[in-house]
Structure formats: C-alpha cells, structure tokens
Amino acid sequence: MSIRVAVITPASVNRLDHLQRQRRFLDEVRTPGIEVVRVEAWLDVEAPPAVPSVLSVHLPPGRDGMRVGAARNAAAALALDHGVDLLVFLDVDCLPGPDLLERYVDAAQDHPHDLLCGPVTYLHSVQRPSRMADLGTMTRPHPARPLPPDGDVVTATDDEFDLFWSLSFAVTTETWTRLGGFDEAYEGYGAEDTDLGRRARSLGMRVQWVGGAHAYHQWHPAGSPPWRHLDDILRNGALFAERWGEWPMRGWIDSFIEGGAVEPHGDGYRRIASGTGVRSVQA
C-alpha cells in the first residue's frame, strides 16, 4: 500500500533559482510506496504560471507583507483535497536529501500525533549542488539543533520546543487538522513557526527530531541580525507576546538594541525615534 505525501513549498519570483533547483531534486526522489503530490504556495502580487504536475495556490501580500503562514495553510488545504496522508513543508530555499521523505514517513508511523523535524544543513555560498548525489559530502547540520543518528527519532524536551522551525517539517493530516494550521495574523517575517510550536505544546503534542531526514538550505544573502525585517520582527514579536506572554527572537532584538535601532518600551520594544519618525510596537 502506498502513502500519499504532499511536499508544500512557499515560493516567490525572487527565489526562482532556488525553486527550480528544488524541483529538479524532487524529480530525483523515487521511493517505493511513496506517492508525491507537490504544492507550491505563491506569495507574490502576481499569480504564477502553471507548471505541469505541480499544484499551486496564490496568496498575494497582505498589508504587512508576505503571508507565509496563510499560504502554507491554503496549500495544505489543497493537498488534503487530493487525499494526502502526510504533509511535508519544505521552504523554497531548501533541497530535500535523498531520504527526507522516507524518514518522515517512517517517523509519522510511530509518532502520528507530533511535529516531525529533520536536520538542516546551511550550504556555503560556493556550494551549488546539481544533483542529489552531491549532497552527502556537504552535510553539516545546524549545530544548535539535535542530530539523532540516521533512522532514529528523539523526542524534544520542553525547553527545545522553541527550536521548532518551519524550514523542513512534517505532520500527519489528522494532526494538522487538530493544530488548525499557522496563525494567519502573522504577516511578513518571523514568529509564525515558533507560534505553531507553542500551540502544539499547548495541545499536548511533542516535537520529534527525525534522524536522516536531511534538508539543505541553499545560500542567499542574509543579514544577522536581519535588519531589513526589523519592523516585521517587532510587530510579530508583539503579537507572539500577546498570545504567549513572552517575546520571541530575543537574540535578534538584543542585537537591534545594541545597534541603537530599538529600545525597551513598556512591556515590549519599539524603534528608537529617528529623522523619519518612530514606529512604536509593544506587547
């Protein structure tokens, strides 16, 4: 008996090269017993062109930016309409490892009520794999996250819940329905995945670290901290604090404070007044 797996990817034209490479790598995945349904959730103002064998939904930006959570929700709803059993979320700048789908399917059989997360390697700028066989020598998963042996699944501790991220994760359709998807109030960059992890914990679910379900993040320019997302982080951080009683992304916020752009204000944070005015955001 085969299992139908949806691979859901939020996409935009400014990541088209990454998306095309991801498509090629997914074309290489041939796992007996796994039928793949590919769904792309487009975030741009304009709708995408049709691509053979790929389903798509279109969620243009909202008032405060790209609606990544809402787009993932719409793509998942379309996948459920096509009778899938497992949802695998893979960001547009991530490549699937050769065993990613198989490991998620195996983990879902033993942990059908939990969030499943595989390790992610951040590729260097010079690393441009052209085929799946290139990935093996590039594997060096992010050191801040657990790395179970290939084929093992390890349950996250309570203090690891906030390590959940949406770059690469899987969930059964039943559990996705119970979760209710991403909170669509988050727009722009940041916090929607941490929010989902918190909601999972509030419902008694666990995060499971899935050994061998490797994904590979393709390089693109990014700042640390991400200055261009400062307003998004303040706005979404305030929303998260309202929901959960504490601020997320504190490392970045501390960096913004050190950089002289943000200051504590009441129970939250705000931009420091400048020649262009001040935008106050607080919990």
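1. How many Å² does the accessible surface of the protein come to, and what share of it belongs to carbon and sulfur atoms? The surface comes to about 12,800 Å², with 50% belonging to carbon and sulfur atoms, where areas follow the Shrake-Rupley method with a 1.4 Å probe.

2. This is a predicted model, in which local features need pLDDT of at least 70 and side-chain atom pairs count only at pLDDT 80 or more, while totals for chains, interfaces and linings use all residues. Residues are numbered from 1 along each chain as its sequence is written, and side-chain values use heavy atoms, with hydrogens and water left out.

3. The protein has seven helices and 14 strands, taken as DSSP runs (H or I, at least four residues, for helices; E, at least two, for strands) and numbered from the N terminus. Its radius of gyration over C-alpha atoms is 19 Å, close to the 19 Å that the globule rule (2.2 Å times the number of residues to the power 0.38) gives for 283 residues, so the protein is as compact as a globular protein of that length.

4. Of the 283 residues, 54% are buried, meaning under 20% relative accessible area, with exposed set at over 50% and partly exposed in between (1.4 Å probe, protein chains only).

5. Asp 152 sits in the loop between β7 (120-122) and β8 (153-155) and, at 39% relative accessibility, counts as partly exposed. Neighbours within four places in sequence aside, Asp 152 is in contact (heavy atoms within 4.5 Å) with Trp 209, Val 210 and Gly 211.
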